[in-house]
Amino acid sequence: LIRIAYCAVDTFTDLRLELKSPVVQPFKSIVSAAEIHLYPKDDSGPPFVSVLGFDSDIDVRDIYVGDLNRTSIRAGAVILYVSDRDNTADPSPLEWLQYLSWLPKQLDVGGVHLVSASANTFIFPLEGLTGERIEGEQFTASARALYEGEPLDFALDLSATRDQVKFTGLD
């Protein structure tokens, strides 16, 4: 299954997958990795997405169907990096929508860092990101951040609109 993951990322995306200490035992519902990194294929810059301390209770049906509707995911940290200093185009809003189909049944992430590097580097840290699927196409999430010393609480409700098999909008 690990080789299939590398092949799928290489074949169907312009990203390169790197896994550190992966464990895949689908019949025990276990998939974990110390680190997961997705790099732009044609660039030597930092990874577009890094997941540290990944652990999941994956439903074997989700592997077959190609979604995570019955899977719970936990991670110590997630880092999302976008930059206008590299040779890779940042994902368009429509491309970001395609990633929403991979939102799991339950999500628990200790910390998320959104890093934007342009003329000025901006890092936005979120803590305690939790989320869950409601009625299939809806996902609700919450998190907390400290912005200039002030606490900010976030709540997000996503309702995806599908056109055939891909996401085309949000409510």
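**Figure 1. S21 in the loop between strand 1 and strand 2.** S21 lies in the loop that joins strand 1 (15–20) and strand 2 (23–25). Helices (H or I, at least four residues) and strands (E, at least two) are DSSP runs, numbered from the N terminus. The model is predicted: local features need pLDDT of at least 70 and side-chain atom pairs count only at pLDDT 80 or more, while totals for chains, interfaces and linings use all residues. Residues are numbered from 1 along each chain as its sequence is written, and side-chain values use heavy atoms, with hydrogens and water left out. Although S21 is not a glycine, its phi is positive, about 55°. S21 counts as exposed because its relative accessibility is 54%; buried means under 20% relative accessible area, exposed over 50%, and partly exposed in between (1.4 Å probe, protein chains only).

**Figure 2. S29 in the loop between strand 2 and strand 3.** The loop that holds S29 runs between strand 2 and strand 3 (30–40). S29 is a residue other than glycine with a positive phi, near 65°. With a relative accessibility of 28%, S29 counts as partly exposed.

**Figure 3. The salt bridge of K20 and E18.** The side chains of K20 and E18 meet in a salt bridge, 3.6 Å from N to O. A salt bridge is a side-chain nitrogen of Lys or Arg within 4 Å of a carboxyl oxygen of Asp or Glu. K20 has a relative accessible area of 37% and is therefore partly exposed. E18 is also partly exposed, at 22% relative accessibility.

**Figure 4. The salt bridge of D57 and R74.** In the salt bridge between D57 and R74, the closest N and O atoms are 3.3 Å apart. This pair links distant parts of the chain, as D57 is in strand 4 (residues 49–57) and R74 in strand 5 (residues 72–83), 17 residues apart. D57 is partly exposed, with a relative accessible area of 41%. R74 is partly exposed as well, with a relative accessible area of 27%.

Figure 5. Salt bridges link D59, R61, D62 and R70 in a network. One of its pairs is R61 and D59, whose side chains meet at 2.8 Å, N to O. D59 has a relative accessible area of 18%, so this residue is buried. The structure as a whole holds eight salt bridges.

**Figure 6. R16 over the ring of Y39.** The charged end of R16 sits over the ring of Y39, 4.3 Å from the ring centre. A charge sits over a ring if NZ of Lys or CZ of Arg is within 6 Å of the ring centre and within 35 degrees of the ring normal. A search of the whole structure for aromatic pairs finds zero. Rings of Phe, Tyr and Trp (its six-membered ring) pair if their centres lie within 6.5 Å; planes under 30 degrees apart count as stacked, over 60 as edge-to-face and the rest as tilted.

**Figure 7. A nonpolar surface patch that includes I4.** L1, I4, V24 and I63 make a nonpolar surface patch of about 330 Å². Patches are made of residues with over 30% relative accessible area and no salt bridge: like charges are joined within 9 Å, nonpolar side chains (Val, Leu, Ile, Met, Phe, Trp, Tyr) within 5 Å. Accessible areas come from the Shrake-Rupley method with a 1.4 Å probe; for residues, only the protein chains shown count as cover. I4 belongs to helix 1 (residues 2–12). The relative accessible area of I4 is 55%, so I4 is exposed.

**Figure 8. F154 and S159 in strand 9.** F154 lies in strand 9, and S159 has its place in strand 9 (residues 150–163). Not counting residues up to four places away in sequence, F154 touches F124, L126, A141, S142, A143 and A145; contact means heavy atoms within 4.5 Å. The C-alpha atoms of F154 and L129 are separated by 9.2 Å, and these residues are 25 apart along the chain. For S159 and E135, 24 residues apart along the chain, the C-alpha separation is 9.7 Å. At 36% relative accessibility, F154 counts as partly exposed, whereas S159, at 19%, counts as buried.

**Figure 9. The whole protein.** The protein has three helices and 10 strands. From the N terminus on, its elements run α-β-β-β-β-α-β-α-β-β-β-β-β. Of its 171 residues, 34% count as buried.
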